[in-house]
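Please examine the sequence and the structure shown below before reading on.

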Amino acid sequence: MADQDVDIRLPQAQQDATNAKLDPAFLPGGSPNGNPIDRRCFNFPGNVSIGLLPHQLEQLSRLVSSDRPPMPMGAASDSAPAESADSTTSAKRGHGEHGVEHGGVHDREQNVTRPVESRLLHMGDFAFELNEKLTAISKFCFKTFRTPPSKALYLQLYHEFANIGMCVNGRKYLGNTPTVLAGPSSKMKFGVVGMGSMAHTFHIHGHRWLIPGPGAKGAAGLQFGSPVDTPVSQFEDTRIFGPANSFSFTIEEGNGFMRASPPIGEWHMHCHVLAHMMDGMMGSLLIVNGGESATFPLPSGQPCPTMPLNTGPQPPPDGGSGPKTITVNIVDFQHNPDPVNIKVGDTVHWVWQGNQHSTTSDTNIWDSGVHNSGHTFDHTFNSAGNFPYHCSFHGPSMHGTVQVTT
């Protein structure tokens, strides 16, 4: 593999025969599967514990893998895997970033602990740690961003799915598509790939970039033996690419490529073909210092009401003569459309475009259970009337109605 302008591999002296071992210093939490978000827990004032009802313990089963704290950010030479967050012996490995010890061990300087995962109670975007007997809440926990690495690689796949529409890495709409994280001085290399059958354009708000190429000239420069670290383009801010087409580019925050300064904040990243963007082909680049709160959700996108939705088969335009299936999207804590108007015998097909939601009848007629993005649920209505429903996880604030006529 040729040397790149953004190389996150270990130094040659620490490599094996593959020459592809990655440096943990440039990985989130020191792991290719690490999480750039950490979780920190604080005791309530006066070490007061707050009681809870038995049914609230059901939330302990709602822990999803994406909420698990990542491995500690260690030095580049420390490639040993982190031990379980439930094991206090992992504190022997030392401190992670922000001076927080791991495994639920107390940080005396900041009065902060790492959570014990098996005792976390998740309520929306917040989490609470229960005591050892699971009878009371003892700590409040919130998420913070880890310190971003100085170098990072990102892969973006732009494509479309039948009956779903425009996607980035298999997802659509801001908040569901990838949000890539970097620091105010990170050197970032993006690889962008066009798939499917359509042409796209790639654009990031507030940023420009350079296309890198081989350092050698002539025929030698066309081979992979030459480092790919020499700019071969002028500054760019939008790039057109088609099916089976790819390109890479480099952005170094703070070196004058920016159109806005300081770079801290969230920058929209999307296809600039208007119909593709409005259909969900968008994500974001998030620039943080590290240590900022990640508990509160970032902005999320939703279908534009003036654009047709790619939600699968729809009833025929002439109304048809038999039972129909109507799609309702669960997105951005809403049901779209709401209310939904159908006739007796028709079926409502709910599609999850967000996490930790359910469709639950107010009168116990149906209950999908709580699921994440990509899940679907159907219910056929065989009698007329109004049928209100809600999300059992988020309560009556997230509700909808099915209106059935003869």
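## An open sheet

Four strands, in the order β8-β7-β10-β15, form an open sheet with mixed pairing. Strands are DSSP runs of E with at least two residues, helices are runs of H or I with at least four, and both are numbered from the N terminus. Two strands pair if DSSP finds at least two bridges between them. The edge strands, β8 (165-168) and β15 (246-252), each pair on one side only. From one strand to the next, the twist averages 15 degrees, with angles running from 0 to 180 degrees between the N-to-C directions of lines fitted to C-alpha atoms.

Strand β10 (residues 187-194) pairs with β15 in the antiparallel sense over 7 bridges. G191 stands opposite S248 in β15.

## Basis of the model

The model is predicted: local features need pLDDT of at least 70 and side-chain atom pairs count only at pLDDT 80 or more, whereas totals for chains, interfaces and linings use all residues. Residues are numbered from 1 along each chain as its sequence is written, and side-chain values use heavy atoms, with hydrogens and water left out.

## The chain as a whole

The protein chain contains 2 helices and 25 strands. Of its 406 residues, 44% count as buried; buried means under 20% relative accessible area, exposed over 50%, and partly exposed in between (1.4 Å probe, protein chains only).

## Nonpolar cores

A nonpolar core is a set of buried Ala, Val, Leu, Ile, Met, Phe, Trp, Tyr and Cys residues joined through side-chain atoms within 4.5 Å. The largest such core has 24 residues, and those with the most contacts inside it are Y158, F190, F202, I204, F249 and L285. Among the strands that each supply at least two residues of this core are β7 (151-161), β10, β11 (200-204) and β15. Another core, of 18 residues, lies apart from it and includes V340, W352, M398 and V402.

Which residues does I204 touch? Not counting residues up to four places away in sequence, I204 touches F190, W209, D237, F249, I251, W267, H268, M269 and L285. Contact here means heavy atoms within 4.5 Å.

## The disulfide

The model has 1 disulfide, defined as a pair of cysteine sulfur atoms within 2.5 Å. This disulfide joins C41 to C141, with an S to S distance of 2.1 Å. Because C41 lies in strand β1 (residues 37-43) and C141 in strand β6 (residues 136-145), the pair ties together parts that are 100 residues apart in sequence. The torsion about the S-S bond is about 100 degrees, so the disulfide is right-handed.

C41 is buried, with a relative accessible area of 1%, and C141 also counts as buried at 1%.
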